[in-house]
Amino acid sequence: MATVEERVKAITAQKLGVDDIKLEDSFTADLGAESVDSIELVAMFEEEFGIEMDEDAALAVQTVGDAITFIANVCKEQGVEIEQ
Amino acid sequence: MVKAKKKHRLVDTKAPNLIEDVFPYNLPPLIHLQGPVVEYIDGEAVEFDFAAVKDRPILITDTTFRDGQQARPPYTIEQMVHIYDLLAKLSGPNGVIRQTEFFLYTKNDRETLDKCRALGHTYPECTGWIRAVKGDFRLVKEAGLKETGMLTSCSDYHIFQKLKFRTRKECMDSYCEVVAAAFEAGVRPRCHLEDVTRADIEGFVLPFVDRLMEMSSEVPQELSAKIRLCDTMGFGISYPGAELPRSIPKLIYKLNVECGVPSDRLEWHGHNDFSKVHTNGGTAWLYGADFVNTTLFGFGERTGNPPLESAVIEYIALKGDMCGLDTRVITELADYMRSIGLPIPDNYPFAGRAFNVTRAGIHAGGLRQDERIYNIFDTEKLLSKPPRVAITDKSGADGVAHWVNEFFGLTGDDRINKIRIHKLARWVIDQYDVEGRLTAISDQELEVKAKEFFPDYWEKYKS
C-alpha cells in the first residue's frame, strides 16, 4: 500500500496538474489552488482515505506536509488503516 | 501632518461587542439622538432637541396617487384601490401612514376615492388635491372630504413667471380668497407652498403664513390651515449652517416658532433632484415638522419624492418600536407594483429583488457564519426576504453553499458544508472559466443542478 504522503501527493498532482510537489509547498501560493480547488481536494482526500474531515479545520491546512499530518491524524481517530 | 490630540487605549476582550442596543437585528438599526443641536438663525443660537422626536407625534403622509401618478401613466381604479388597501395594512392600527391624497377632477378620480373609502379603513385618511381655484371646493365638498391640498406657489419664479401676477400682494390676496372659500365651505385647507426652497422667505413666505395664521385664528380649530413646505425642485439642504431659502432647519423654525404654525400642521414634501430626498424628510421631522409626505418607492414628478418605505424604516429607527407598522407589506407592495409594470431596480433599498443579495464570495462566507455580518437587519422577519447570494464567478464556494442551504431551507447543523457542494461549485466556476459566460447564473439554472447533485436533499425537501 502506498504511504499517506504518496497518496496525498498523487491526488494533489492529479487535481492541480503539477508535479515535483514538496512537503513545504502551499496549496494556494505554490501550487495555485483556488477556492473551489481547495474544497475539491478535501473531497478527494475524504474519498481516497474513506474519512470525514471537519470542514473548517481541513480548509485551514496550508501546506502539503500539514495535510499529510492532518489526514493521518483523522485516519487514526476514525480507525482507518494507513501506511505511514 | 496633524498632531494627535488624544491617545486611545485598546479595550481588549474575548467577547464581541455587537452594539445590540443600536443594532438589535429584530428591528432596523436604531437612531439614538443626543441634544441639543444648535443652529444659528439671524445671529442667535437656537437649540433643537432631536431626542424629543421619540415622543413627538410625527407621522408619514402619502401622495402616491397624486404626485406619484404624475410620474407615470394613470393607474386603473382597481389598482389604486388595491394599493390603498395595502397601504392601510402597512400603516397599522396606529395610522402611522396618516393620510393619502387624491385628485378629484375626473369621474374615475371620484370613483376611486369612493371605492377606497368603502373599504372602511380608518387610515390613511383620504384627502383631496385641487388648484387654488374657489370653484374647486365644490368638488371637495361633494366628495365629502374634510381636507384638501391647494397650490399656493410662493417663489417669484411661480408668482411672476408662471402665474403672471403683477405684484406679490395681488398673489397673496388671491391665495387668501381661496383659503377663505375653503373655510366657508367647511373644508380644511392645506396650503402647498410650492417652490419654497427658492422663494423670498422674509419678503413673501412669512408674511403669507402670518396671514394664514390670522385667518385660521378666526375659524374652528379643525379648519385651521395646514402648511405643506414643498421643495419642488429638490433644492432643500439639511446641513446646519445652510442659508435660507434652502435651509430646511431655518425654514421650519421660522414657520414653527416665528409664525406660530404648530408642528402638527407642518408637513415636508421633497423631491429628489439632488439625491437628498430621504434625508431631507428626516431632517424636517427632527427640526419640528410632524409630517413627511412620501410616495411608494419614491415614484413622483421627475426624480421622485421621499420613498414611503424608507420613511417607514426611518420611523421605526427613530421611535425604537414597530409602532404597529406591518413592514412585510412593503414586499407585497413591491411585488404588486412590479406585476402592474412599474420598474423597481433590483438594488433598490428594501424593495428591489436583490437589495439584500450579495455577489461577493467573501460576503457569502460571512453570511454563512452569521447572517448579521452582511444583512442590514432581520429582513426575513421584517420584509419576508431572507438574505441571499447571487451566483457568479465571484461567489466562491461560500456563495454556492449559502445558495444551496437557503434553497433547501437548511439551518444550523442541518446545513450542507462547503465540501459537499464541490461539484456544484465546480460547475459554476466552469461556466465562466471554460464556457466564457458573462452573466449571473439564474436560480432556475441552479435548481436544475441542485436536483442533479443533491438528489437525496431534493427528494426530502423539494419533491
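Analyst: The largest nonpolar core has 83 residues. Of these, B:I60, B:I227, B:V312 and B:I330 touch the most other members. Keep in mind that this is a predicted model. Helix α9 of chain B, residues 308–319, gives the most to this core, with 7 residues. The core also draws on both domains of chain B: at least three residues come from each of domain 1 (37–339) and domain 2 (357–461). As a general rule, nonpolar side chains in soluble globular proteins tend to be buried together.

Now zoom in on B:I330. Leaving out residues up to four places away in sequence, B:I330 touches B:L90, B:E309, B:V312, B:F350, B:A351 and B:L383. One of these partners, B:V312, is named with B:I330 among the core members that touch the most others.

Next, step back to the domains. Chain B is divided into domain 1, residues 37–339, and domain 2, residues 357–461. Their centres, taken over C-alpha atoms, are 44 Å apart. Direct contact involves 4 residues of domain 1 and 4 residues of domain 2. On the domain 1 side, those residues are 1 nonpolar, 2 polar and 1 charged.

Chain B also meets chain A. Here 10 residues of chain B are in contact with 7 residues of chain A. Two helices of chain B, α13 (396–408) and α14 (422–433), each supply at least two residues of the side that touches chain A. The largest share, 4 residues, comes from α14(B). By class, this side of chain B has 4 nonpolar, 4 polar and 2 charged residues.

The crossing is left-handed. From α2(A), the residues that meet the other helix are A:V36, A:I39, A:E40 and A:A43. From α14(B), they are B:H422, B:A425, B:R426 and B:I429. Together, the residues of this helix contact divide into 5 nonpolar, 1 polar and 2 charged.

Finally, check some backbone details in the loops of chain B. Two cis peptide bonds come up here. One joins B:Y123 and B:P124, with omega about -5°. B:P124 lies in the loop between α2 (107–118) and β5 (125–130) of chain B. Another joins B:L244 and B:P245, with omega about 5°. B:P245 sits in the loop between β8 (226–230) and α7 (248–258) of chain B.

Positive phi angles come next. B:D42 is not a glycine, yet its phi is positive, about 50°. B:D42 is found in the loop between β1 (37–41) and β2 (44–48) of chain B. B:D42 has 11 other C-beta atoms within 10 Å, so it counts as exposed. B:S275 is also a residue other than glycine with a positive phi, near 60°. Its place is the loop between β9 (266–269) and α8 (277–287) of chain B. B:S275 has 9 other C-beta atoms within 10 Å, so this residue is exposed.

Definitions and conventions. Residues are numbered from 1 along each chain as its sequence is written. Chains are lettered from A and ligands numbered from 1 in the order in which they are written. This is a predicted model: local features need pLDDT of at least 70, side-chain atom pairs count only at pLDDT 80 or more; totals for chains, interfaces and linings use all residues. Two residues are in contact if their C-beta atoms, placed from the backbone, lie within 7 Å. Ala, Val, Leu, Ile, Met, Phe, Trp, Tyr, Cys and Pro count as nonpolar, Asp, Glu, Lys and Arg as charged, and the others, Gly among them, as polar. A residue is buried if 20 or more other C-beta atoms lie within 10 Å of its own, exposed if 12 or fewer, and partly exposed in between; C-beta atoms are placed from the backbone. A nonpolar core is a set of buried Ala, Val, Leu, Ile, Met, Phe, Trp, Tyr and Cys residues joined through C-beta atoms within 7 Å. Domain bounds come from an automatic or database domain assignment. A crossing is left-handed if the near helix is turned anticlockwise from the far one by less than a right angle, and right-handed if clockwise.
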